[in-house]
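Hello,

Here is the structure I promised to pass on. Please look it over first; my notes follow below.

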Amino acid sequence: QVQLVESGGGLVQAGGSLRLSCAASGNILSIITMGWYRQAPGKQRDLVAAFTGTGSTNYADSVKGRFTISRDSAKNTVYLQMNSLKPEDTAVYYCKAYVRTIDYVGMDYWGKGTLVTVSS
């Protein structure tokens, strides 16, 4: 019913920048929360940055000051601007959203992920 499509991943050198995008589509009534998670090889999937239900933002300590989450509510799209990238930022980045659909059912949706590789 809802699809999340990420884009913008790729290979970048340490110190470089990338901008990820995640667009939500489908039978959307409202998007309650939306944000980014990442999973490095052999590790669990962790929060990177997200908008909460009140519109505030949460960031992982490891990305504060380097990453910025933003959104275009009219386009149901969230962005992640990643600056000063480090090799330890290498991971698959996933978009997640809690969406209420037109039948008033709310649930979490995940994108398929986009790979970010930071070379040293």
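**Around T52**

The side chains of T52 and S56 meet in a polar contact of 2.8 Å. A polar contact here is a pair of N or O atoms within 3.5 Å; within protein, one must be able to donate a hydrogen and the other to accept it, and residues adjacent in sequence count only if both atoms are side-chain atoms. T52 also pairs with T54, side chain to side chain, at 3.0 Å. T52 sits in the loop between β5 (46-51) and β6. Its relative accessibility is 18%, so T52 counts as buried. The cut-offs are these: buried is under 20% relative accessible area, exposed is over 50%, and partly exposed is in between (1.4 Å probe, protein chains only). Not counting residues up to four places away in sequence, T52 touches I32, T33 and N58. Contact means heavy atoms within 4.5 Å.

**How to read the model**

This is a predicted model: local features need pLDDT of at least 70, side-chain atom pairs count only at pLDDT 80 or more, and totals for chains, interfaces and linings use all residues. Residues are numbered from 1 along each chain as its sequence is written, and side-chain values use heavy atoms, with hydrogens and water left out.

**The whole chain**

The protein chain has 11 strands and zero helices. Both are DSSP runs numbered from the N terminus: helices are H or I with at least four residues, strands are E with at least two. What does the radius of gyration say? A compact globule of 120 residues would have a value near 14 Å, and the protein chain has 14 Å, which agrees. That radius is taken over C-alpha atoms, and the globule rule is 2.2 Å times the number of residues to the power 0.38. Along the principal axes, the C-alpha atoms fill a box of roughly 50 × 25 × 25 Å.

Of the 120 residues, 38% count as buried. Take the contacts between residues at least 6 apart in sequence: 55% of them join residues at least 24 apart.

**R66**

R66 lies in the loop between β6 (57-59) and β7 (67-72). Is R66 buried or exposed? It counts as buried, because its relative accessibility is 11%. A polar atom of the R66 side chain lies 2.9 Å from the backbone oxygen of S62. Neighbours within four places in sequence aside, R66 is in contact with Q81, M82, N83, S84, L85, K86 and D89.

**G26**

G26 belongs to strand β3 (residues 18-26). Its relative accessible area is 46%, so G26 is partly exposed. Beyond its neighbours within four places in sequence, G26 is in contact with Q1, V2 and Q3. From G26 to K96 is 70 residues in sequence and 14 Å in space, C-alpha to C-alpha.

**Two positive phi values**

Most residues other than glycine have a negative phi. N76 is not a glycine, yet its phi is positive, about 50 degrees. N76 is in the loop between β7 and β8 (77-82). At 25% relative accessibility, N76 counts as partly exposed.

Y104 also has a positive phi, near 70 degrees, and is a residue other than glycine. Its place is in the loop between β9 (91-101) and β10 (106-110). Y104 counts as exposed, with 63% relative accessibility.

Best wishes
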